[in-house]
Amino acid sequence: MKRTLTVGVVGAGRVGAVVGAALNAAGHRVVAAAAVSAASRDRAARLLPEAAILPADDVARAADDLLLLAVPDDALGGVVAGLATTGALRPGQVVAHTSGAHGLAVLGDVQGMALHPAMTFTGADADLDRLPGIAWGVTTPDRAFATRLVADLGGIPEWIAEDSRPLYHAALAHGANHLVTLVNEAADLLRAAGVEDTERVLGPLLRAALDNALRLGDAALTGPVSRGDAGTVAKHLDRMPADAAGTYLALARRTAGRAIASGRLRPQDAALLMDVLSGATVGSAL
């Protein structure tokens, strides 16, 4: 029979409350949670209705088996140190944090693991439906326990070395966070071009582009940069507002480099394009 864990959650934010609810759904017991803001308290009441809302050190004392720390990256070290100083942590208790950037070093002498869900969260109930099948970036000396825990959450462990945590997290932030910025910049340009329903225009295009990129890598590159259409790119830069042109130019230069390196674009066909990209600046391109 699977062992039921007694769990405490420090940080009932978008991640902590959802992961706690997923642990409850898997048969474990989240008995206490620390929730400071009104939004966190409301989220805990909705997703963790059976958890007592307590100060962080009391949550740690109530968590007999697993203490989940879902706090901002820069606050994590201080939270761990504070809990250790007050004697709230105990031997045999596993402390797991959900930071992507940190590994085990931030825990000091505390037994634990880095347990980062590779998904973006809103804190809504719908997040629970997105958890099954996702990867969890895990750093821990106890892979057996981590494997069972991730399996309970419906996920797949991805083992990340301690010194690779910053690069792992940079990859996810670069892909997910900057994707949001890129999509919204494209929507802004469409609205400036007179398009009202930007989601209808961008939705099918971007979903196909993402699917192709994940399946095909650089072979999914399309568009004027991958074809070496220097004139078209110059027109784009000429009409864009400065804030969007800077982003476009940086990504176009990187896209051209990848297209050439992957053989999608022959260097001789890229000469005029590279002249446009190397000579353009945000100020001179407008």
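In β5, which residue is the bridge partner of leucine 66?

Reply: In this predicted model, the bridge partner of leucine 66 in β5 is valine 94. The pairing between β4 and β5 runs in the parallel sense and extends over four bridges. These two strands belong to an open sheet of eight, ordered β3-β2-β1-β4-β5-β6-β7-β8, in which the pairing is mixed. At the edges stand β3 (52-53) and β8 (156-159), and because each has a single partner strand, one side of each is left without a neighbour in the sheet.

Helix α6 (residues 143-152) packs on this sheet, where it touches β4, β5, β6 (112-117), β7 (135-139) and β8, and its direction makes about 145° with that of β8. Leucine 149 is in contact with Leu5, Leu23, Leu66, Met113 and Leu115, when its neighbours within four places in sequence are left aside. Leu66 and Leu149 are both among the residues with the most contacts inside the largest nonpolar core, which has 34 residues; that group also includes Leu23, Met113, Leu115, Leu131 and Trp136. The largest share of this core, six residues, is contributed by helix α1 (residues 14-25).

Within α4 (residues 73-85), Leu76, Val80 and Leu83 are buried. Seen down the helix axis, the buried residues of α4 fall within an arc of 70°, so they line one face of the helix. The face turned away from this buried side carries the exposed residues Asp74, Gly78 and Thr85, and just after α4, glycine 87 takes a positive phi of about 75°.

Arginine 61 forms a salt bridge with aspartate 57, with the closest N and O atoms 3.5 Å apart, and being four residues apart in α3, the two are separated by about one helical turn. The side chain of arginine 61 also meets that of aspartate 58 in a salt bridge (3.5 Å, N to O), this pair lying three residues apart in the helix, again about one turn. Arginine 61 counts as partly exposed at 34% relative accessibility, as does aspartate 57 at 25%, and aspartate 58 is likewise partly exposed, with a relative accessible area of 33%.

Definitions and conventions. Residues numbered from 1 in each chain as written. Predicted model: local features only at pLDDT ≥ 70, side-chain atom pairs only at ≥ 80, totals over all residues. Heavy atoms only, no water. Buried < 20%, exposed > 50% of the residue type's maximum accessible area, 1.4 Å probe, protein only. Arc of directions from axis to C-beta. Pairing = 2+ DSSP bridges. Contact = heavy atoms within 4.5 Å. Axes fitted to C-alpha atoms, helices over the stretch in contact; angles between N-to-C directions. Core = buried A, V, L, I, M, F, W, Y, C linked by side-chain atoms within 4.5 Å. Salt bridge = Lys/Arg side-chain N within 4 Å of Asp/Glu carboxyl O.
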